Amino acid sequence: MNRRTFISTSIAASLAATAKPAWAADTVHSIDRVGLQLYTVRDAMKSDFEGTIAKVAAIGYKEVEFAGYFDHSPKDVRAILDKNGLASPSCHVGYDVVEKKWPDQIESAKIIGQSYIVCPWIPEETRKQPDVWKKAAETFNRAGEESKKAGIQFAYHNHWFEFLPVNGKLPYDILLESCDKNLVKMELDLCWITVAGADPLKYFDRYPGRFPLVHVKDVKTLPKISTGGAQNFGDTVDLTEVGSGIIDWKRIFAQSDKAGIKHYIVEHDHPKAPFESIKTSYEYLSKLRW
């Protein structure tokens, strides 16, 4: 190659690189720290709290989300996490705790090292009350303001009833519109929103940055759903291990930056073989690229 040809080729290559659109970038994304909602292995947690957490860590999980501590103190929980090289970015607490025991919960989260406290749902009896979703938003804003002072973010986790109209309005929309975006974030359950027939990407577009945590749970078929009743979540739905169902994870996770997702948390409400289930889901997510 002579000097003139070399220069021409170099200029052409430079122009081609400059003209490459941003969306065509070669960056490959993956999940660095796969998390687990420990509700998935709750029966094992009851009988062997520390041993169960050790098994979860041995599979490869780096983060765990608690749904109860089974009579273990926050200091003990933190010690067990440290021993197993785990972090707990979040926990689930009942609506009654948010209403009546919030200062104690904030203190517990600080000791364990949690950055988020999540209310996982609003009980059916409470949901029957008039204007419940606006009242819930007021409760969540107050809780979020208090936790924010302690450096902890409040969040709400959905099921499917939030995406079914109540008096012509979706409860999930009421929460997103009525809650202060800085005080109340959302832990979007990507299975339940799919079951309800809604599209998470539309919510990412409308409310960017509002979804720092997601529940990663898969389903084989879409069930018939309704607004009322406890519905035995997980019993009435054909749940499966992540990657074995109908949810297009690459499509969703391609919008992670827009959504603001920081924590990807596996959950299966009623796995037949819990440890095999969480291992299968972990292996799929740890290898997933988009």
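## The second largest pocket

The second largest pocket of this predicted model is lined by 15 residues, and those that lie nearest its centre are Tyr-39, His-92, Pro-120, Trp-121 and His-159. Its volume is about 300 Å³, and by class its lining holds six nonpolar, five polar and four charged residues. Here a pocket is an open set of points on a 1 Å grid over the protein atoms alone, with protein on both sides within 12 Å along at least five of seven lines, and a lining residue has an atom within 4 Å of a point. Grid points are joined across faces, edges and corners, and a volume is the space filled by probe spheres set on the points. In the class counts, Ala, Val, Leu, Ile, Met, Phe, Trp, Tyr, Cys and Pro are nonpolar, Asp, Glu, Lys and Arg are charged, and the others, Gly among them, are polar.

Residues are numbered from 1 along each chain as its sequence is written. Because the model is predicted, local features need pLDDT of at least 70 and side-chain atom pairs count only at pLDDT 80 or more, whereas totals for chains, interfaces and linings use all residues, and side-chain values use heavy atoms, with hydrogens and water left out.

## His-92 and its surroundings

His-92, one of the residues nearest the centre of that pocket, is found in strand E3 (residues 87-92), where strands (E, at least two residues) and helices (H or I, at least four) are DSSP runs numbered from the N terminus. His-92 is buried, with a relative accessible area of 12%; buried means under 20%, exposed over 50% and partly exposed in between, using a 1.4 Å probe and protein chains only.

The side chain of His-92 makes polar contacts with two glutamate side chains, that of Glu-187 at 2.8 Å and that of Glu-65 at 3.3 Å. A polar contact is a pair of N or O atoms within 3.5 Å, in which, within protein, one must be able to donate a hydrogen and the other to accept it, while residues adjacent in sequence count only if both atoms are side-chain atoms. Not counting residues up to four places away in sequence, His-92 also touches Gln-37, Phe-66, Ala-67, Val-118, Pro-120, His-157 and His-215, a contact being heavy atoms within 4.5 Å.

## The enclosed cavity

A search of the whole structure finds one cavity of 30 Å³ or more, and the largest cavity has a volume of about 30 Å³. In contrast to a pocket, a cavity is a set of points where a 1.4 Å probe fits but cannot get out.

Thr-40, Thr-240, Glu-241, Val-242, Val-266, Glu-267, His-268, Ser-277, Ile-278 and Ser-281 line the largest cavity, and helix H14 (residues 274-287) gives the largest share of this lining, three residues. By class, the lining has five polar, three nonpolar and two charged residues.

## The chain and helix H9

The protein chain has 14 helices and ten strands, and 49% of its 290 residues count as buried. Among contacts with a separation of 6 or more, 81% are between residues 24 or more positions apart.

Helix H9 (residues 171-178) is mostly covered, with six of its eight residues buried, namely Pro-171, Tyr-172, Asp-173, Ile-174, Leu-175 and Leu-176. The cover over these buried residues includes helix H8 (132-149), strand E5 (153-157), strand E6 (184-189) and H11.

Most residues other than glycine have a negative phi. Asp-71 sits in the loop between strand E2 (63-66) and helix H4 (74-83) and is exposed, with a relative accessible area of 86%. Asn-167 belongs to the loop between E5 and H9 and counts as exposed at 81% relative accessibility.

Gly-209, in the loop between helix H11 (200-206) and strand E7 (213-216), is partly exposed, with a relative accessible area of 31%. Leaving out residues up to four places away in sequence, Gly-209 touches Lys-185, Lys-258, Ala-259 and Gly-260. Ser-256 lies in helix H13 (residues 256-259) and is buried, with a relative accessible area of 5%; beyond its neighbours within four places in sequence, Ser-256 is in contact with Ile-261, Tyr-264 and Trp-290.
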